[in-house]
Number of protein chains: 2
Amino acid sequence: MDELTVGLIGLGTVGTGVARLLTEHRDRLERRAGRPIRWKWAAVRDPHKPREIRLDGVRIVQDAGAIVNDPEVDVVIEAMGGTEDALRYTLAALDAGKDVVTANKALIAEHGREVFERARETDRAVAFEGSVGGGIPIVQSLGIALAANQVLAIAAILNGTCNFILTRMTAEGSPYEDALKQAQKLGYAEADPTLDVDGTDTAHKIAILAQLAFEADVRLGEIPRQGIDRLQAADIKYAAELGYAVKLLALAKYSPAGLEMRVAPTLVRRGTPLAEVRGPYNAVRVVGDAVGDTLFYGRGAGSMPTASAVVGDLLQVATGRAAMVSRSRPLWRSTAPAIPIVSPRDVRSRYYLRFTIADRPGVLGRLAQVLGDRGISIASVIQHEPGEDAPGPSPVPLVIMTHLAVQADLHAALDVIDRLEVVHAPSVWLGVEE
Amino acid sequence: MDELTVGLIGLGTVGTGVARLLTEHRDRLERRAGRPIRWKWAAVRDPHKPREIRLDGVRIVQDAGAIVNDPEVDVVIEAMGGTEDALRYTLAALDAGKDVVTANKALIAEHGREVFERARETDRAVAFEGSVGGGIPIVQSLGIALAANQVLAIAAILNGTCNFILTRMTAEGSPYEDALKQAQKLGYAEADPTLDVDGTDTAHKIAILAQLAFEADVRLGEIPRQGIDRLQAADIKYAAELGYAVKLLALAKYSPAGLEMRVAPTLVRRGTPLAEVRGPYNAVRVVGDAVGDTLFYGRGAGSMPTASAVVGDLLQVATGRAAMVSRSRPLWRSTAPAIPIVSPRDVRSRYYLRFTIADRPGVLGRLAQVLGDRGISIASVIQHEPGEDAPGPSPVPLVIMTHLAVQADLHAALDVIDRLEVVHAPSVWLGVEE
């Protein structure tokens with residue numbers, strides 16, 4: 001078969017990993033592609049920056065336009081990140097008759113419809129395995145291998161930075177700020193970690209999985225989203241006492257009323273596979289009506305794991321499989337039936353609650369009364385005796401685990417409770433996933 | 001696109017699951033196939049047996065020949081099990097120009113070369129996702145999604161019956177026979193469980209994974225194989241004291257010297273994902289040079305999980321993807337370079353050892369001496385004081401965990417140790433996987 005000519009846009013973390021595979025393991029890639037692979041171009045921001053990888057014979061340019069306009073290029077690997085330029089070059093590459101491989105979750109989550117409409121118009125493939133879960137082959141598994149199923153639920157840990165921070169907070173009882181600093185020192189968190197820790201990155205990824213599983217075209221703003229940046233060490237400690245780990249969980253659940261979606265720190269029962277995912281790892285639990293419970297686990301980010309997915313996609317482009325997948329499983333179709341997103345107020349879940357109350361008889365009873373009035377019943381309670389060195393009648397924590405309750409009822413109850421004079425600080429609540 | 005006409009051979013556990021998806025969820029399958037699916041034939045052993053599923057419009061026959069000879073049939077689902085007839089009908093279907101979907105691990109593991117040579121000659125697809133790990137999409141993930149990697153190691157729990165039995169033995173301290181009876185009562189073990197508990201089923205499956213990962217055409221007899229049927233509750237208990245779970249592990253490890261393979265009850269450190277796989281679940285750990293550590297988890301058997309994989313394959317046949325995979329990733333090629341299997345004698349591992357010794361001073365020293373003479377050093381020891389009600393100077397157990405050692409040296413040492421008069425029973429050894 002003919003040579004496959006590749007242009008790579010971006011030589012950052014992901015691009016460098018891809019470059020390494022293309023140069024150091026070319027033999028094995030060509031064997032599996034069944035054809036020669038020629039890496040012709042790399043577009044970089046700074047052509048003079050020294051790099052660890054050998055780029056012999058690769059033309060280095062600053063203008064990615066040179067790549068998408070080169071008629072010799074068969075496939076463009078978009079590894080630049082961001083959305084504006086990435087979208088522009090992706091569409092230009094498709095218009096020029098090239099296939100596109102990308103690991104850009106923001107591009108796919110925010111502009112999926114535009115990108116895939118264009119791919120259909122131009123009969124080109126857009127492959128994006130690396131956009132969710134790094135090297136974990138969840139896009140292919142969910143989109144193709146599990147296609148006989150109606151997916152019932154996805155519950156996933158999709159951000160390695162957050163999972164690393166939560167793992168440290170759990171193991172060491174350290175506050176969020178300290179664990180974040182550790183993550184930054186070890187290279188697991190960016191200097192500006194906002195998009196990771198506020199849940200945006202996770203929301204992008206669950207939006208992509210929701211498209212694959214449910215053909216749902218979910219806007220970022222439709223996903224209730226809570227990060228880990230305001231999570232307190234105390235709640236991780238009490239959760240552990242109750243037998244739960246706290247994870248930044250992305251949820252997408254199918255019900256006749258629509259799709260329940262959210263991103264939030266969530267209590268997950270210890271001993272279940274998701275609860276045991278530690279450090280920078282990711283995991284995706286998929287429940288299907290035929291397959292039952294499955295879990296996919298691995299490194300969700302990083303240079304080589306993501307490059308594994310990107311180059312895996314490149315091989316599928318090389319063999320023609322990507323084109324066939326694009327044609328036979330159309331994604332982000334404008335004709336797909338719209339699936340309503342269930343209002344968070346209507347979601348039923350168990351809840352973890354922490355109150356800061358006056359250490360006085362009868363307070364637990366009053367809180368239980370308010371909860372009970374809204375149909376919320378208590379499954380378990382933690383209230384420790386105040387420490388010996390507690391400075392007089394200072395406020396004490398009261399932790400309650402509820403049975404299943406409707407979120408609107410919970411909010412109504414918390415509104416009342418937070419106004420009681422025996423309650424000294426706004427109450428804290430977290431969802432529970434069994 | 002044209003209607004896809006399907007013939008199903010076998011309506012046992014897997015066949016019934018497939019039938020259920022084909023009848024109860026036809027709409028969604030056709031939507032994902034992009035074409036109508038017509039289930040025309042079912043070949044069964046007893047056409048008069050009452051069945052739970054509706055077979056309206058499906059022609060029931062005893063002779064599967066009618067299916068493979070029907071020119072209307074596009075794809076044959078082989079769900080009969082066994083190897084002799086399954087091979088005959090598979091080859092006949094390919095010769096007649098039909099694609100084949102199968103979940104038959106014995107067929108693929110033992111006759112892979114013949115089946116795939118024939119598929120190439122006839123330019124037909126053979127899809128076999130259900131043959132390993134039930135509904136877990138490991139065949140596709142390993143064969144396609146991770147293709148950018150050199151796989152370094154596979155460590156897998158591939159038999160749900162064994163994992164269920166081991167989970168019960170661990171949780172309840174019960175002997176093998178009791179746990180087996182429980183498994184049989186709950187439907188997790190067959191009346192004759194031999195092929196499950198002696199490791200044959202697991203060996204078939206790891207042989208298939210070794211082909212996908214390493215292009216290794218491994219004969220069953222080349223895989224050192226030990227079942228769980230002679231495993232003692234005591235060893236599970238001592239392993240737990242040392243911080244390990246005992247799992248029936250299938251291993252395939254890549255090294256410059258060749259492929260290390262084995263199936264054996266193995267100690268796996270608690271807290272690692274494989275150790276936490278409980279009950280009838282399966283899990284496959286794949287380590288790749290780019291992707292790093294990954295794990296795929298789910299139900300490894302059962303009617304609907306396996307049907308999920310089989311019908312997933314059917315959809316890939318329907319869309320033409322299976323044909324493309326068959327052409328672009330040739331399996332069981334006679335021209336693939338032969339990979340030597342490393343002799344078990346040369347394998348380096350840590351080992352768990354249990355001796356039954358005279359309760360007398362100096363015995364531990366003598367054993368340590370024999371081990372040390374063969375270069376085997378001790379990492380940890382368990383020797384409890386004999387119970388108060390121990391009947392005089394009865395033999396006591398001594399458990400030793402070694403550092404890395406070569407298996408040939410271990411056997412040499414155990415040969416000497418088992419002849420010492422202070423040793424009262426043959427020593428027990430198990431490998432350790434970190």
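1. A definition to start with: two residues are in contact if their C-beta atoms, placed from the backbone, lie within 7 Å. By that rule, 100% of the interface residues of chain B are also interface residues in chain A, so the copies meet through the same surface.

2. Please keep in mind that this is a predicted model, where local features need pLDDT of at least 70, side-chain atom pairs count only at pLDDT 80 or more, and totals for chains, interfaces and linings use all residues. Residues are numbered from 1 along each chain as its sequence is written, and chains are lettered from A in the order in which they are written.

3. How are the chains related?

4. Now the interface: 45 residues of chain B are in contact with 45 residues of chain A. On the chain B side, α12(B) gives the most, with nine residues. Helices here are DSSP runs of H or I with at least four residues, and strands are E runs of at least two, numbered from the N terminus.

5. Look also at strand β11 (residues 292-299) of chain A, which is joined to β11(B) by four bridges, the two running antiparallel. Strands pair if DSSP finds at least two bridges between them. Across this pairing, Leu295(A) stands opposite Tyr297(B).
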